[in-house]
Amino acid sequence: MSSVTTNKMTNWRWVMCAMLFFATTVNYMDRQVLSLTWKDFISPEFHWNDEIYGNITAVFSILYAIANLFAGKFVDWMGTKKGYFWAIIVWSLGAVLHAGCGWFTMQVEGLDSVAALRAVKLGSEAALAIATVSMYAFLACRCILALGEAGNFPAAIKVTAEYFPKKDRAFATSIFNSGASVGALAAPATIPLLAKAMGWEMAFIIIGALGFIWAGVWLFVYDKPSQSKFVNEAELNYVNQDEENEKAAEVVVEEKQMSYMEAFSHRQTWSFAFGKFMTDGVWWFFLFWAPAYFSDQYGYSSDSGMGIALIFTLYAIVTVLSMFGGYLPKLFVEKKGMNPYQGRMLAMLIFAFFPVLALFAQPLGQYNVWWPAIIIGLVGAGHQAWSANIFSTVGDMFPKSAIATITGIGSMAGGLGSFLINKISGNLFTYAEEQGSAFSFLGFEGKPAGYMIIFCVCAVAYLIGWTVMKLLVPKYKPVVVK
């Protein structure tokens, strides 16, 4: 039991929420280093095209998806403290290792400098060999990154369920989940400048090293609420207010673990998984492709003042607006008397309409480049608000012992959706660029037509996801482990 005995309630749960926020920030910065450096720094050295980059992001996504299936179970089995620690250690190692891909490629190809890599004639057999070797080198590092990053959200959602009552979980989740937006916001303001000043390799090393610092702090600050010396009885009672049979949170009940077979037997699992499958790829598409989009379509490289301003503005909109994502269902629950699941689903329906704005990004971009930046920012804000709530539906319907497992299954489905959209996008953009005016869609030709197709898919994904979720689980129905 906690050693803090003062009557005034402690607020250690918000310290834990801050730790989750910083971990998620680092998670997304590590993930975004490649998207902000490949087009203007890495591609000229290794002679990449959109298809190669699409292959790398797609393989990262599918391995991330597969790893998520086991990451949740791993966190449930190892425990939150050790599980989260090893997750961030592995992904930070993967991030840092990217810096060695250039050296590895030069060793394999027998070249002695970056200048020699760049000097190879584009389209030659030597250029193809360099592109292929470097692609596989980056794929190996992305695989390590994916294995570690898969543990972030299952562990974070488990911590949220441990430290917050149901009515506060969506709000807490929206706060730590905004770390994704802050990471995406900080990345364009720092990574291209690091790459320009110190080389793209140092960008991977410096950003990757942040995870090791977080891991050290985590070992010191985390314990379960009932065991933490920073949590008093008043806060413990508040945290466990949903537990009807606990007496002042003094009794710790060992809950049964949920098997995969049982997990997939519940409609609630399929509802969460389908919602993630339909929507995670939208966020990842914009995360991975937005810098290249502004470079390709408007000529603003990621290290240019305008390029940085566009990406920064995009994610500033995401960061500010997405913070309200967790507050809306809290308002529905406390002011309208809805149960948490009902309030969350209503909020998610509202947020599902934000991505429809993606239909206007390309048309309005013909008049001013700021329109796509603003619109993609609004789409991203809608996604982050949606994401905070869909994660919280797991805590609404499943016992704490199964939360990381179910979150892992849903994240696997989200990774699969991301694999599809990134693989298709890379192939589509390369094909559309090669076809030029012979490829058209809704008045756009060439690569702009390819972007318009993907934007249309993004626009309707959330409404489809919400509809199927509602059909699978029309009313609140908690799951009991057999």
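The expected span of a helix is 1.5 Å times one less than its number of residues.

Q: What makes the end-to-end distance of helix α19 agree with its number of residues?
A: Helix α19 covers residues 447–472, which is 26 residues, and at 1.5 Å a residue these should span 38 Å. The end C-alpha atoms are 38 Å apart, so the two values agree. In this predicted model, α19 also bends by about 35° at alanine 461.

Q: Where in the protein is confidence lowest, and where is it highest?
A: Helix α14 (residues 327–336) has the lowest confidence, with a mean of 75, whereas α19 has the highest, at 96. For the protein, the mean pLDDT is 87, and 95% of its residues reach 70 or more. Over residues 244–254 pLDDT stays under 50, and the model has 10 contacts beyond four places in sequence for them.

Q: Why is the pair of phenylalanine 46 and phenylalanine 138 called edge-to-face?
A: A search of the whole structure finds 47 aromatic pairs. In the pair of phenylalanine 46 and phenylalanine 138, the ring centres are 6.0 Å apart, and the criterion for pairing is centres within 6.5 Å. The planes stand at 65°, and angles over 60 degrees count as edge-to-face; the pair is therefore edge-to-face. Phenylalanine 46 lies in helix α1 and phenylalanine 138 in helix α6 (residues 125–149), 92 residues apart, so that the pair links distant parts of the chain. Both phenylalanine 46 and phenylalanine 138 are buried.

Q: What kind of aromatic pair do phenylalanine 85 and tryptophan 86 form, and why is phenylalanine 85 called buried but tryptophan 86 partly exposed?
A: Phenylalanine 85 and tryptophan 86 form an edge-to-face pair, with 5.2 Å centre to centre and 80° between the planes. Phenylalanine 85 has a relative accessible area of 16%, and buried means under 20%; phenylalanine 85 is therefore buried. Tryptophan 86 has 45% relative accessibility and therefore counts as partly exposed, since that class lies between 20% and 50%.

Q: Which residues have the most contacts inside the largest nonpolar core?
A: They are Trp48, Phe138, Trp218 and Phe285, in a core of 146 residues. Helix α1 (residues 12–46) gives the largest share of this core, 17 residues. Leaving aside neighbours within four places in sequence, tryptophan 218 is in contact with Met16, Met19, Thr80, Lys81, Tyr84, Phe85 and Val159.

Q: Why does threonine 393 count as buried?
A: Threonine 393 has 1% relative accessibility, and the limit for buried is under 20%; threonine 393 therefore counts as buried. Threonine 393 is placed in helix α17 (residues 370–397). Beyond its neighbours within four places in sequence, threonine 393 contacts Phe272, Tyr341, Arg344 and Met348.

Q: How do you know whether glutamine 268 is buried or exposed?
A: The relative accessibility of glutamine 268 is 7%, so glutamine 268 counts as buried. Glutamine 268 is in helix α12 (residues 267–298). Not counting residues up to four places away in sequence, glutamine 268 touches Met397, Phe398, Val473, Lys477 and Val479.

Q: Why is methionine 306 called partly exposed?
A: Methionine 306 has 26% relative accessibility and therefore counts as partly exposed. Methionine 306 belongs to helix α13 (residues 305–322). Not counting residues up to four places away in sequence, methionine 306 touches Tyr300, Val369 and Trp370.

Note on methods: Residues numbered from 1 in each chain as written. Predicted model: local features only at pLDDT ≥ 70, side-chain atom pairs only at ≥ 80, totals over all residues. Heavy atoms only, no water. Helix = DSSP H or I, 4+ residues; strand = E, 2+ residues; numbered from the N terminus. Buried < 20%, exposed > 50% of the residue type's maximum accessible area, 1.4 Å probe, protein only. Contact = heavy atoms within 4.5 Å. Bend = angle between axes of the 7 residues up to and from the residue. pLDDT = per-residue confidence, 0-100. Core = buried A, V, L, I, M, F, W, Y, C linked by side-chain atoms within 4.5 Å. Phe/Tyr/Trp six-rings, centres within 6.5 Å; stacked < 30°, edge-to-face > 60°.
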